[in-house]
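Visitor: I'd like to talk through a model with you. Could you put it up, please?

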Amino acid sequence: MSEFNDKVYEIVRRIPYGRVMTYGQIAALMGIPRAARAVGWALHAVAPEAQVPCQRVVNRYGGLAAGYGWGGQLAHRLELAAEAVEISDDFIVDLSKYQWWPEENVLPELQLSPYKRDELDRNLPVNEERLSYSTRRSKPKMPR
DNA sequence: ATATTGACCAGTT
DNA sequence: TAACTGGCCAATA
């Protein structure tokens, strides 16, 4: 049980019913903008009893996880569809419709000040500008 | 004790 | 457009 994983779970538990966040978005919130992959791994390793709504996390295109639990994309789709989220035939959800961003006032509450910031390179400042960038930017089409 | 591997991502070639 | 690169971190080997 690492501090990193626990923080990921804490954030994911905040995602409301029927909404989604991306791996990269969560990493950015934690102050480690490039740790999206590690976020994915944390969810991969989540214990079933941990009560973490993993189905509410998708990739930057809105795509569902191929390696989701034991059931893969199909399982992911079922769990998300159960929350009335629309999913296309190619396992994509519309981020412009369903992506969620926490209110700013929860950030201090979650103690989301940059994690291990001093160990990171300083060229990648973590600030509101960068965070909003990740939601504002239009995503490219999911590659085949 | 070290090396490799992913539910990823953005920038560069 | 597509392929490659480096970065993250915990779990495997």
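Visitor: Let's begin with Arg60: does it count as buried or exposed?

Guide: Arg60 counts as exposed because its relative accessibility is 51%, where exposed means over 50% relative accessible area, buried under 20% and partly exposed in between, with a 1.4 Å probe and protein chains only. This is a predicted model, in which local features need pLDDT of at least 70 and side-chain atom pairs count only at pLDDT 80 or more, while totals for chains, interfaces and linings use all residues. Residues are numbered from 1 along each chain as its sequence is written, chains are lettered from A and ligands numbered from 1 in the order in which they are written, and side-chain values use heavy atoms, with hydrogens and water left out.

Visitor: Where does Arg60 lie, and which side chain does it have a polar contact with?

Guide: Arg60 lies in the loop between β2 and α4, helices (H or I, at least four residues) and strands (E, at least two) being DSSP runs numbered from the N terminus. Its side chain is joined to that of Tyr61 by a polar contact of 2.9 Å, meaning a pair of N or O atoms within 3.5 Å; within protein, one must be able to donate a hydrogen and the other to accept it, and residues adjacent in sequence count only if both atoms are side-chain atoms.

Visitor: OK, on to α4: which of its residues are buried?

Guide: In helix α4 (residues 72–81), Gly72, His76 and Leu80 are buried. Seen down the axis, these buried residues fall within an arc of 70 degrees, taken from the directions from the helix axis to the C-beta atoms, so they line one face of the helix. The face turned away from that buried side carries the exposed residues Leu74 and Leu78.

Visitor: Last one: what is the average pLDDT of chain A?

Guide: Chain A averages a pLDDT of 82, and 74% of the residues score at least 70, pLDDT being the predictor's confidence in each residue, from 0 to 100. Over residues 113–136 it stays under 50. Where pLDDT is low, the predicted coordinates should not be read in detail.

Key: Contact means heavy atoms within 4.5 Å.
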